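Subject: Handover of a structure

Dear colleague,

Please find below the structure that I am handing over to you.

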Amino acid sequence: MRGQADLPKLIVLAFTTGTLMVAIVEEIIPEAHQTQDTNWSTLTFIGSFALSMLFSSYLE
């Protein structure tokens with residue numbers, strides 16, 4: 001997608017985001033509620049979110 005206008009990039013990004021949202025809603029969320037959450041799983045979730053934000057800000 002390098003060298004393309006902004007509109008095709010945004011269309012591909014929106015499609016990819018929609019696909020990932022469907023995967024989360026249909027697969028990951030129901031599986032996550034089959035077991036109880038622990039402190040370790042909560043910290044891992046927060047840490048992975050913070051790490052993704054760091055990578056995101058670094059790449060800008």
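A patch is made of residues with over 30% relative accessible area and no salt bridge, like charges being joined within 9 Å and nonpolar side chains (Val, Leu, Ile, Met, Phe, Trp, Tyr) within 5 Å. A salt bridge is a side-chain nitrogen of Lys or Arg within 4 Å of a carboxyl oxygen of Asp or Glu. Accessible areas come from the Shrake-Rupley method with a 1.4 Å probe, and for residues only the protein chains shown count as cover. In this structure, Met21, Ile24, Val25, Ile28 and Ile29 make a nonpolar surface patch of about 450 Å².

This is a predicted model, in which local features need pLDDT of at least 70, side-chain atom pairs count only at pLDDT 80 or more, and totals for chains, interfaces and linings use all residues. Residues are numbered from 1 along each chain as its sequence is written, and side-chain values use heavy atoms, with hydrogens and water left out.

The protein chain has 2 helices and 0 strands (DSSP runs numbered from the N terminus, H or I of at least four residues for helices and E of at least two for strands). Helix α1 covers residues 6–32 and includes valine 25. Its 27 residues reach 36 Å from first C-alpha to last, close to the 39 Å expected at 1.5 Å a residue; the expected span is 1.5 Å times one less than the number of residues. A kink of about 40 degrees in α1 is centred on isoleucine 24, where the bend is the angle between axes fitted to the seven residues ending there and the seven starting there. Helix α2 covers residues 39–59, and alanine 50 is found in it.

As for the chain overall, its radius of gyration is 16 Å, whereas a compact globule of 60 residues would have one near 10 Å (taken over C-alpha atoms, with a globule rule of 2.2 Å times the number of residues to the power 0.38). The C-alpha trace spans about 45 × 30 × 10 Å along its principal axes. Buried residues make up 0% of the 60 residues; buried means under 20% relative accessible area, exposed over 50%, and partly exposed in between (1.4 Å probe, protein chains only). The chain exposes about 5,900 Å², of which carbon and sulfur atoms supply 69%.

Some individual residues may also be noted. Valine 25 counts as exposed because its relative accessible area is 52%. Glycine 3 lies in the segment before α1, and its C-alpha atom is 40 Å from that of leucine 43.

Yours sincerely
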